[in-house]
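Subject: Structure for you to look at

Hello,

I am passing on a structure that you have not worked with before. Please have it open while you read the notes that follow.

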Amino acid sequence: MKIIIGFAFIIILASLASALYFMMRHKGDPRHMARALTVRISVSVLLFIAILVAHYFGLIQTTGLR
């Protein structure tokens with residue numbers, strides 16, 4: 001599960017970096033930046049749902065605050 005979460009974070013950061021690139025280079029065409037940000041939001045939501053499902057099925061355990 002740690003590998004999946006780490007891979008998702010890498011995808012999120014790469015999508016954010018590509019949105020920054022498109023924002024700086026393609027100033028007249030915001031479609032590329034919007035698509036990159038849509039990918040970032042989609043992966044973030046899927047990661048959140050995956051963490052909730054993994055917790056529900058007992059793949060990850062809560063540790064609480066100490």
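Which residues does Ser 15 touch, not counting those up to four places away in sequence? They are Ala 36, Leu 37, Val 39 and Arg 40. Before going further, please keep in mind that this is a predicted model.

Overall make-up

The protein has two helices and zero strands. Its radius of gyration is 16 Å, well over the 11 Å that the globule rule gives for 66 residues, so the protein is more spread out than a compact globule. The C-alpha trace spans about 50 × 20 × 20 Å along its principal axes. Of the 66 residues, 14% count as buried. The accessible surface is about 5600 Å², and 73% of that surface belongs to carbon and sulfur atoms.

Helix H1 runs over residues 2-25 and helix H2 over 31-56. H1 has 24 residues and reaches 35 Å from its first C-alpha to its last, close to the 34 Å expected at 1.5 Å a residue. For H2, with 26 residues, the reach from first C-alpha to last is 37 Å, again close to the expected value, here 38 Å.

The buried residues in H1 are Ile 5, Ala 8, Ile 12, Ser 15 and Ala 19. Those of H2 are Ala 36, Val 43, Leu 47 and Ala 54. What covers the buried residues of H1 includes H2, and what covers those of H2 includes H1.

The core

Which residues make up the largest nonpolar core? There are five in all: Ile 5, Ala 8, Ile 12, Val 43 and Leu 47. Each of the two helices, H1 and H2, supplies at least two residues of this core. H1 gives the most to it, with three residues.

Ser 15 has its place in helix H1. Is Ser 15 buried or exposed? Its relative accessibility is 7%, under the 20% limit, so Ser 15 counts as buried.

Ala 19 also lies in helix H1. With a relative accessible area of 4%, Ala 19 is buried. Leaving aside its neighbours within four places in sequence, Ala 19 is in contact with Met 33, Ala 36 and Leu 37. Ala 36 and Leu 37 are also among the residues that Ser 15 touches. How far apart are the C-alpha atoms of Ala 19 and Ala 34? They are separated by 7.4 Å, while the two residues are 15 apart along the chain.

Phe 48

Phe 48 has its place in helix H2. At 53% relative accessibility, over the 50% limit, Phe 48 counts as exposed. The C-alpha atoms of Phe 48 and Ser 18 are separated by 22 Å, and the residues are 30 apart along the chain.

The end of H2

How many aromatic pairs are there? The count comes to two. One of them joins Tyr 56 and Phe 57: the pair is edge-to-face, with 5.2 Å centre to centre and 80° between the planes. Tyr 56 is exposed, with a relative accessible area of 69%. Phe 57 counts as exposed as well, at 59% relative accessibility. Just after H2, Gly 58 takes a positive phi of about 85°.

Regards

Terms used: Residues are numbered from 1 along each chain as its sequence is written. This is a predicted model: local features need pLDDT of at least 70, side-chain atom pairs count only at pLDDT 80 or more; totals for chains, interfaces and linings use all residues. Side-chain values use heavy atoms; hydrogens and water are left out. A nonpolar core is a set of buried Ala, Val, Leu, Ile, Met, Phe, Trp, Tyr and Cys residues joined through side-chain atoms within 4.5 Å. Buried means under 20% relative accessible area, exposed over 50%, partly exposed in between (1.4 Å probe, protein chains only). Helices (H or I, at least four residues) and strands (E, at least two) are DSSP runs, numbered from the N terminus. Contact means heavy atoms within 4.5 Å. The radius of gyration is taken over C-alpha atoms; the globule rule is 2.2 Å times the number of residues to the power 0.38. Accessible areas come from the Shrake-Rupley method with a 1.4 Å probe; for residues, only the protein chains shown count as cover. The expected span of a helix is 1.5 Å times one less than its number of residues. Rings of Phe, Tyr and Trp (its six-membered ring) pair if their centres lie within 6.5 Å; planes under 30 degrees apart count as stacked, over 60 as edge-to-face and the rest as tilted.
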